[in-house]
Every structure is written in structure tokens, then in C-alpha cells.
Amino acid sequence: MAGTDSSQKIIFQNPCIILNEVQLPENVGMVMRAMLNFGFKNLRLVNPKVNLNDKKIISSSAGAYNIIGNNIKIFNSLEESIEDIKCLCATSVRKRDLDSFVGNPRNTIEKISIDILNSHSIGFLFGPEKSGLKNNDLALANRVINIPTNRAFGSLNLAMSVNIICYEWYIRNNDIENMHHYHEKDIANKKEVTVFSDRLIQILNDTNFFINSEEQEKLVNNLKNIFFKSNLTNKELRILHGVITNIKKN
């Protein structure tokens, strides 16, 4: 699979994903895939309406079934599935008549206490595809998560919802590298960029590219800015040198 490095060890996250009365086998498989993308492996199914041996689950999991399939726990009731949970976060798109702590995925995860973070007793609860969680389900939760969506079309696929929660948890609780350049070690220094930009500007002068002196300074500064802000690599500079060399010959 694209993006998969089998030599890397998976660092698993502690929380569990709880699916209440899941109805479609494809969603179970895609939930597994989303979970494994972000290192989740603990999946609990409450009164599932699917056959766990369904080939649709295996195929839609894109290989995640081989790992998460051994960690699935099945329960007959929601109450039974959360007996060991200290912090239950339930997802719901609708406004409910409950006096609950409601937040988006990011600020909800930020507010979970450090003591609970380090334990295995956090659960993220998701309702069935057709109707979502009921009030009596949400009443069992410490917090309700509302995923912001377009109000005119707010219905999220179950696996997509799980993906968002797992992503936010992963980003919050792992040391994720900031944006980086794939060839950071080959980034050209300012002297090398200056040599190129000066060469380009000289060629433009020689070919009468600049129509008048009033606009020349402004245009030169804009041209320089294009190259100086771009974190060009030495390889890219060599390519650009080659391009203008060829243009000059012609």
C-alpha cells in the first residue's frame, strides 16, 4: 500500500474505539483502516449487526484486519462495554437535550486530564450509521464531541468520523515533526541563490527585457523574492542554470 513502510514499528495508542450497533461491514473495515493509520488497535463492538467474517470487512480494512481483528471485543450492551472506562467521549452531530460538556474533537481531546491520558481507560463512542447515538447513550458520556461540518450537509460517514478523532488524538499525543523539506540537507545557501538570480537578471538586461528603469527595480526585487523565499535545493538551482543556459544559446 502506498505510504506504508513495513520496516517501521507501530506505536499503539491507548484509547479504544467503541462502535454501537454498527450496521455495515464496509464501515467496520474502514474504521479498522482509519484506526491503524493512527496507531489505534482496541476496537469494541456493541451489539453489532454485521458478521465479523464478512469478506467486505477484510477487503475494506486494507490489511488492518490482520492486526486489529485480534483485538476486537464484542459486548451485548453499551453499559457493559464501558465498565472499565474512566473518560467516555461520545460523538453526536445533533443538538441534544442534555446538560453535557460539548466540544469539537481538538478542544475535547486537549481537555482530557493527563492522569487519564496515560491510562488505557479512554473510550471514543460512535453510534449506528442511520440514526447515531440516542440520548440514553449520550447520558453515559463524560463529554460529547461534535465534529464541525457544513450545516447544510452535516452527515459524516462513520469511518470518516473515527478517522477525524484518531487523527486529532495522534497529533495531540505524539511528537509529530513540523513541516520539513524532503531534501533539507541539500537546500542551497543564499550565496548560491544570489549567483543564480544575478545571472538571470543580467541575461534579462542583455535581452532588453526591462522596458524602463522606473519599473526595473520593482521587477528585479519581485524576481529575487521568487527564488529567495522558495528554499531551492542545489539540484533545482542546477536545473534552472541549465534552462537559462539553453535559452541563451538559442
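Predicted model: local features only at pLDDT ≥ 70, side-chain atom pairs only at ≥ 80, totals over all residues.
The secondary structure of the chain consists of eleven helices and seven strands. Of the 250 residues in the chain, 37% are buried. The exposed surface comes to about 16100 Å², of which carbon and sulfur atoms supply 49%. Among contacts between residues at least 6 apart in sequence, 84% join residues at least 24 apart.

The seven strands form an open sheet with parallel pairing, in the order 3-2-1-6-4-7-5. Strand 3 (72-75) and strand 5 (101-103) are the edge strands, each of which pairs on one side only. On average, neighbouring strands of the sheet are turned by 25 degrees against each other, direction ignored. Within the sheet, strand 1 and strand 6 pair in the parallel sense over four bridges, and C16 stands opposite G123 of strand 6. Strand 6 also pairs with strand 4, in the parallel sense and over four bridges; here the bridge partner of C89 is F124.

Strand 4 is mostly covered, with five of its five residues buried. In a regular strand, side chains alternate between the two faces of the sheet. In strand 4, C87, C89 and T91 point one way, whereas L88 and A90 point the other way, and all are buried.

Helices lie across the sheet. Helix 1 lies across strand 1, strand 2 and strand 3, and runs at about 155 degrees to strand 2. Helix 8 lies across strand 1, strand 4, strand 6 and strand 7, running at about 155 degrees to strand 6.

Nonpolar side chains tend to be buried together in soluble globular proteins. In the present model, the largest nonpolar core contains 33 residues, of which I17, L19, V31, M35, L43, F124 and V162 touch the most other members. At least two residues of this core are supplied by each of strand 1 (16-20), helix 1 (25-37), strand 2 (42-46), strand 4 (87-91), strand 6 (122-126) and helix 8 (158-173). The largest share, six residues, comes from helix 8. The contacts of F124, not counting residues up to four places away in sequence, are P15, C16, I17, I18, C89, I109, I112, I145, I165 and W169. A second, separate core has 14 residues, including F196, I201, L223 and L232.

Two further residues were examined individually. G127 lies in the loop between strand 6 and helix 7 (135-138). G127 has a relative accessible area of 12% and therefore counts as buried, since the cut-off for this class is under 20%. Residues up to four places away in sequence aside, G127 touches N20, G132, L133 and L158. Although G127 and E21 are 106 residues apart in sequence, their C-alpha atoms are 6.9 Å apart in space.

N234 lies in helix 11 (residues 234-249). Its relative accessibility is 19%, so N234 also counts as buried. Neighbours within four places in sequence aside, N234 is in contact with D186, I187, A188 and E192.

Definitions and conventions: Residues numbered from 1 in each chain as written. Heavy atoms only, no water. Buried < 20%, exposed > 50% of the residue type's maximum accessible area, 1.4 Å probe, protein only. Contact = heavy atoms within 4.5 Å. Areas by Shrake-Rupley, 256 points an atom, 1.4 Å probe, with all protein chains shown as cover. Core = buried A, V, L, I, M, F, W, Y, C linked by side-chain atoms within 4.5 Å. Pairing = 2+ DSSP bridges. Axes fitted to C-alpha atoms, helices over the stretch in contact; angles between N-to-C directions.
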